[in-house]
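User: I'm new to this one. Can you walk me through it and tell me what the labels rest on?

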Amino acid sequence: YIQGRGGENYADESIFRGVDDILLTHGHFDHAQSIPQIVKARETCKVYCTETPAQTLLNKGVGEEQLQIFQAGDIFQIGDITIKTYQGKHCQFDRELVEKTILSKDVIRFAGKLGGLLMANKSFPENGETIFYELQIGERRIQVMGSMGLNPEVEYPTQADLLVLPYQGKSQPVPTALGIIGRLQPKRLMLSHFDNAFPPMSKKVDTIPLKKALEKFYPDLPAVKPRFAKKIGIR
């Protein structure tokens, strides 16, 4: 997504130049509000999403022909990529995290943005439709989560070649992350969603405690913390 002004990696829509398709994990504003801007000049760009974010995007001006609506459990193809969808689960913000956010100095610093962010949060509902994606590319499988939560009733495939894990949404995120890693048993890990993208409703997450925990409990698990706008190679 395009980060809000004040975000630590703010950029405009040009960073998405050349995008052919968008897989939307859920409808919250930080994931979806940039999509109308991104697809406006890209008539062939398709947005794959569930019913609730599709309706939100229609209301925001995205053409019906650009939306590909599916349900959790559906399997579809984009070029040579097979995409399997599973019911995910959005993480539940705990009281400590909410209090830290409310009492943050950023609330004063970015007070002028707070009203707009609250309105955006209300107009971009998630409605329990967070999706867990698995992309099959040749013999390799890549799993992409949009929020740091798994549905306890879903049997997810394990030992994917790469898990993209959003590291945000908990005051103590390490135990949650380790639980997900233990359940999915990925061969490689890449973090996402750890930066301060929409202050004052977000914050930069310290990833050092997770690094130390991985070294202790999963010393053979390669893990990557990507840098904004930098290409990385994952063997």
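Predicted model: local features only at pLDDT ≥ 70, side-chain atom pairs only at ≥ 80, totals over all residues.

User: What makes strand 1 and strand 2 a pair?

Analyst: Strands here are DSSP runs of E with at least two residues, helices are runs of H or I with at least four, and both are numbered from the N terminus. Two strands pair if DSSP finds at least two bridges between them. Strand 1 and strand 2 have three bridges, in the parallel sense, so they pass that rule. Asp-21 sits opposite Lys-46 in strand 2, and Ile-22 faces Val-47 there. Strand 2 and strand 3 also run parallel, joined by three bridges; Cys-49 has Ile-69 of strand 3 as its bridge partner.

User: Which strands are the edges of that three-strand sheet?

Analyst: The order is 1-2-3 in an open sheet with parallel pairing. Strand 1 and strand 3 (67–69) are the edges, since each pairs on one side only. On average, neighbouring strands are turned by 20° against each other, direction ignored. Helix 3 (residues 51–59) lies across strand 2 and strand 3, at about 155° to strand 3. Such angles run from 0 to 180 degrees between N-to-C directions, using axes fitted to C-alpha atoms, for helices over the stretch in contact.

User: What is the order of the seven-strand sheet?

Analyst: That open sheet goes 4-5-6-7-8-9-10, with mixed pairing. Its edges are strand 4 (75–78) and strand 10 (223–224), each pairing on one side only. Inside the sheet, strand 5 (residues 81–87) and strand 6 (residues 131–137) run antiparallel and share seven bridges. Touching is a matter of contact, meaning heavy atoms within 4.5 Å.

User: How do you tell a cavity from a pocket?

Analyst: On a 1 Å grid over the protein atoms alone, a cavity is a set of points where a 1.4 Å probe fits but cannot get out, while a pocket is an open set with protein on both sides within 12 Å along at least five of seven lines. Lining residues have an atom within 4 Å of a point. Grid points are joined across faces, edges and corners, and the volume is the space filled by probe spheres set on them.

User: What lines the largest pocket?

Analyst: The largest pocket holds about 1900 Å³ of space and has 45 lining residues, with Tyr-1, Phe-16, Val-164, Met-190 and Ser-192 nearest its centre. By class they are 29 nonpolar, eight polar and eight charged. Nonpolar means Ala, Val, Leu, Ile, Met, Phe, Trp, Tyr, Cys and Pro; charged means Asp, Glu, Lys and Arg; the others, Gly among them, are polar. The second largest pocket has about 690 Å³ and 31 lining residues, and helix 4 gives the most to that lining, with four residues.

User: Why is the pair of Tyr-48 and Phe-76 called stacked?

Analyst: Rings of Phe, Tyr and Trp (its six-membered ring) pair if their centres lie within 6.5 Å; planes under 30 degrees apart are stacked, over 60 edge-to-face, the rest tilted. Tyr-48 and Phe-76 have centres 4.9 Å apart and planes at 5°, so the pair is stacked. Tyr-48 is in strand 2 and Phe-76 in strand 4, so the pair ties together parts 28 residues apart in sequence.

User: What is the phi of Gln-159?

Analyst: Most residues other than glycine have a negative phi, and most peptide bonds are trans. Gln-159 has a positive phi, near 60°, and is found in the loop between strand 7 and strand 8. The bond from Pro-199 to Pro-200 is cis, with omega near 5°; Pro-200 is in the loop between strand 9 and helix 8 (208–217).

Methods: Residues numbered from 1 in each chain as written. Heavy atoms only, no water.
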